[in-house]
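Welcome, and please open your viewer. We will go from stop to stop, selecting a few residues each time.

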Amino acid sequence: MIVLSAPSPAPRERTLLWLLAAVQFTHVVDFMMLMPLGPLLMQRLSLSATRFGALVSAYTLASAAMGVLGVFWLDRLERKRTLLMLYAGFIIATLLCGAATGPTGLLIARTVAGGCAGLMGAVVIAIVSDTVPAERRGQAIGTVMTAYALSAVAGVPLGLGLANLGGWRAPFIVLAAVAGFVWLLLLRFLPRVDGHLSQASGTSATAGFTPRLAMGWGLTFTVVFASFLLIPYMGAFMVGNVGLSLTDLPWVYLAGGAATFVSSRWIGRLADRMGPARALALLLVATMVPHLLFTHLPPSPLPVVAVVFVLFMTLTSGRAIPTMALVASQVPPSIRGRYFAVNIAASDGASGLAAWMGGLLLTTGPDGTLIGFAQLGWLAVAISALALGLLWTFVGRAVRLDATPAP
């Protein structure tokens with residue numbers, strides 16, 4: 001295993017991190033791109049809203065299911081080989097999305113792409129945790145997670161532009177080509193990462209898992225759940241309650257994505273300086289303010305809404321960075337791949353369940369307003385408080401939250 005332990009990130013380490021960020025970027029764009037393509041797909045493939053919903057959910061459900069199955073094999077192979085194999089499956093499935101001739105073929109391709117993508121995310125975090133020392137791990141994870149913000153700023157708009165120019169198949173075909181180029185770069189520049197194999201040899205699929213480590217899944221679940229109670233309905237709230245027009249929304253989301261892109265690495269450095277546990281605790285408390293501020297926002301001009309939205313997105317999305325860094329510091333290298341596979345499943349399950357619960361608790365008024373969104377904000381604050389309690393227990397110290405707690 002190559003351990004990159006220079007006092008500051010070396011060029012080789014930066015190259016590795018940006019390559020891994022490119023992997024994340026392609027699969028996040030693949031996931032996010034389908035939703036704005038909905039009206040076009042429903043028209044061209046004669047899809048009902050229910051069948052289109054199945055296309056969207058197939059991705060995350062397959063990701064969650066494969067995350068659980070990954071427990072049985074993900075740490076038994078060298079990580080570079082595993083990532084290349086999964087990424088190749090993702091590329092082929094994405095290409096098949098563009099070649100699909102009907103809803104069934106598209107559903108199957110989306111399911112395969114989601115299954116590969118979930119495990120890819122687990123392997124990416126395991127590689128970062130294995131190759132970057134703990135004192136820089138927060139910044140490294142922040143660098144990789146800039147892919148999420150960049151996908152919102154550039155990936156999805158470009159995908160929509162391609163769809164307008166060449167039809168709904170074009171974004172999938174172009175994305176598969178971009179991912180194929182990234183695959184070749186991984187083959188050339190990603191070092192062999194196999195130090196975990198000596199520790200994992202002869203162990204069972206569940207060896208090394210403890211009830212305390214399982215709490216890390218609960219921590220991830222609650223952090224994501226609190227966010228996705230609100231995120232899927234923010235656009236509808238801004239239009240129906242706050243008074244924005246549909247043409248205003250892209251600018252608001254662009255501002256939020258750009259701010260998140262800039263803040264991700266800053267939050268990563270913050271986690272390295274003060275410790276991921278302290279940084280996560282600070283962010284959990286800090287996000288309670290924009291959660292309540294946004295969900296109680298009265299009709300307001302676009303600049304005010306954009307500022308509140310940016311505050312919401314930078315703090316809320318930033319919580320994932322110290323969460324990942326903290327959990328990675330607690331998990332032995334021999335089980336990191338399997339552990340993060342289940343962690344991805346917990347994250348996907350939380351986002352799906354939270355979105356479903358949010359929909360149950362909201363109603364739409366005759367004028368298009370969302371009724372109950374303010375109460376949903378209080379529920380998100382309560383779940384964040386629960387996450388604080390789980391964080392306290394997971395770290396296992398009531399007085400001092402250490403930056404690099406021992407496994």
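Is Arg-136 buried or exposed? Select Arg-136: it is buried, with a relative accessible area of 5% (buried means under 20%, exposed over 50%, partly exposed in between, with a 1.4 Å probe and protein chains only). Before moving on, note that this is a predicted model, where local features need pLDDT of at least 70, side-chain atom pairs count only at pLDDT 80 or more, and totals for chains, interfaces and linings use all residues. Residues are numbered from 1 along each chain as its sequence is written, and side-chain values use heavy atoms, leaving out hydrogens and water.

Arg-136 sits in helix H6, residues 134–166 (helices are DSSP runs of H or I, at least four residues, numbered from the N terminus).

Next, select helices H9 (residues 211–228) and H17 (residues 373–395), which pack at an angle of about 160° with axes 9 Å apart (axes are lines fitted to C-alpha atoms over the stretch in contact, and angles run from 0 to 180 degrees between N-to-C directions). That makes H9 roughly antiparallel to H17 (an angle over 145 degrees).

Finish on Val-223 in H9. Val-223 is buried too, at 6% relative accessible area, and touches Leu-284, Arg-319, Thr-323 and Ala-387, leaving aside residues up to four places away in sequence (contact means heavy atoms within 4.5 Å).

Notes. Helices (H or I, at least four residues) and strands (E, at least two) are DSSP runs, numbered from the N terminus. Angles under 35 degrees count as roughly parallel, over 145 as roughly antiparallel, 65 to 115 as roughly perpendicular and the rest as oblique.
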